[in-house]
Amino acid sequence: MTLIKSISGIRGIVNNGLDYSIIEKFAFAFLKLQKPGEILIARDGRNHGLEFSQKLCKSLKAANQIVIDCGIVPTPTAQFIVENNNYAGGIIITASHNPAEWNGLKFVDSNGCFIKSEKYKKLISLISNETHVQLSPNPNSQLIDYNDDAINKHLNNITNLSLINIERIKNKKYKVVVDAVNSSTSKILPQLLKQFSCDITELNCNADGHFNRGAEPLPHNLSGISKTVIETKADFGIATDPDGDRLAIIDEKGNPIGEESTLVICCESLLMDQKINSPLVTNLSTSMAIDKLAEKYNVNVVRCNVGEINVVTKMKEVKSIIGGEGNGGVILPESHYGRDSLVATALLLNRLSMSDISMSELHNSIPHYEIVKDFIKTDKPIDSKFINAIKKQFNPDEINQMDGVKLIWTDKWIHIRKSNTEPIVRFYSEAETIETSLELINKSKEIFSN
């Protein structure tokens, strides 16, 4: 199995493309690029992550580095702490939404954001040209346990956001089921909900790395929480991916409302409450429901390449106060520049508390389209031959080749691009009917495979 390398970090199957020697090599190369100072190490709940983390902390301390060991925390918590505590950077041992046999590294720059493409290229150059990177001596070398401090600091930030009416939420006393897929949000997400006076039922909140469902919080992986929501008569359920940057919502009837709805609801949480002049920012694969919501509140939508750092960069450029990706990833700069399931949870509670309605009624009140997400396992490129063939087949109103190729009409679109995190080509399509979306997907896959 080949190691996957991109601006999203590195990922591979443990002992079949990824082992500790690779992790150490990339970690030391990353630190060579950072300014002097403390380095945060964090991980998700995968069982092999503990060994990797312990070895890496030991190696860095032996190399005269001050290491802040956060243990199991969500990726957004690690990002928040790096920025808030002015650390030199952070390394998160995670494979995000990939299955349990995978692991990898995400690299956080000193500003709390993932590294940009320029630094990524320097990192790869170091890896290619050196077998081991020596760090500068630091006589203050030490290893600091920072798990509880990191969690408490992040929770305090979220509960004090100016955009959240915490007393209004507390008065609702929502009954919530939480599915943390036994990973990084197992501890912090229930704590957050308790601070909002929610009555909680925990599901898969052991942080032992045993994924009892598919790692991605997609509807077909959420049958367990759907059943529990109905059995406990909860107001709604929420589920995260293993590293906690994505949030999925389940309504009171046990229906997963789709990850694309998370960003729409969270944006409306702000738009209903105040006049916003800056645009909403999202990627090319996100639902056009966000455009319809923006029209309702008279704001613009700016789109960019898929990938958190691309959305963050564009948000900073246009001074957006909220953005994210349609995979359930919400970015609120008032907290920090990173996709954050905890921030999304707070915004969700805030929006729901604004009206005396159920989660299903809230979902029905926002724009809806039928989005289909599919893929082909392949290393085949999206080349000019395919692009010309698909343009001829579909004759779209607009073509965008900023990130793969996206064909756009007034009431539908299809986006085909190579994944940043897996050896696959993704096919996303959206239209007013599921049949139209499927037709676009199936025809596109057929053309690509020829």
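Colleague: Where is Asn 15 found?

Modeller: This is a predicted model. In it, Asn 15 is in the loop between strand E2 (9–14) and strand E3 (17–18).

Colleague: Is Asn 15 buried or exposed?

Modeller: Asn 15 counts as exposed, because its relative accessibility is 69%.

Colleague: And what is its phi near?

Modeller: Phi of Asn 15 is near 65°. That is a positive value in a residue other than glycine. Most residues other than glycine have a negative phi.

Colleague: What about Asn 182, which phi does that one have?

Modeller: A positive one, about 55°, and Asn 182 is not a glycine either. Its place is in the loop between strand E9 (175–179) and helix H7 (188–195). Asn 182 has 1% relative accessibility, so it counts as buried.

Colleague: How far is Cys 266 from the nearest cysteine sulfur?

Modeller: The distance is 7.2 Å, to the sulfur of Cys 267. A disulfide needs the two sulfur atoms within 2.5 Å, so Cys 266 is in no disulfide. At 0% relative accessibility, Cys 266 counts as buried.

Colleague: Now charge. Which residues gather in the patch of negative charge on the surface?

Modeller: Asp 397, Glu 398, Asp 411 and Glu 432.

Colleague: Where does Asp 411 lie?

Modeller: In the loop between strand E19 (405–408) and strand E20 (413–418). Asp 411 has 34% relative accessibility, so it counts as partly exposed.

Conventions
Residues numbered from 1 in each chain as written. Predicted model: local features only at pLDDT ≥ 70, side-chain atom pairs only at ≥ 80, totals over all residues. Heavy atoms only, no water. Patch = residues over 30% accessible without salt bridge, like charges linked within 9 Å, V, L, I, M, F, W, Y side chains within 5 Å. Areas by Shrake-Rupley, 256 points an atom, 1.4 Å probe, with all protein chains shown as cover. Salt bridge = Lys/Arg side-chain N within 4 Å of Asp/Glu carboxyl O. Lys, Arg positive; Asp, Glu negative; His and termini not counted. Charge placed at Lys NZ, Arg CZ, Asp CG, Glu CD. Helix = DSSP H or I, 4+ residues; strand = E, 2+ residues; numbered from the N terminus. Buried < 20%, exposed > 50% of the residue type's maximum accessible area, 1.4 Å probe, protein only.
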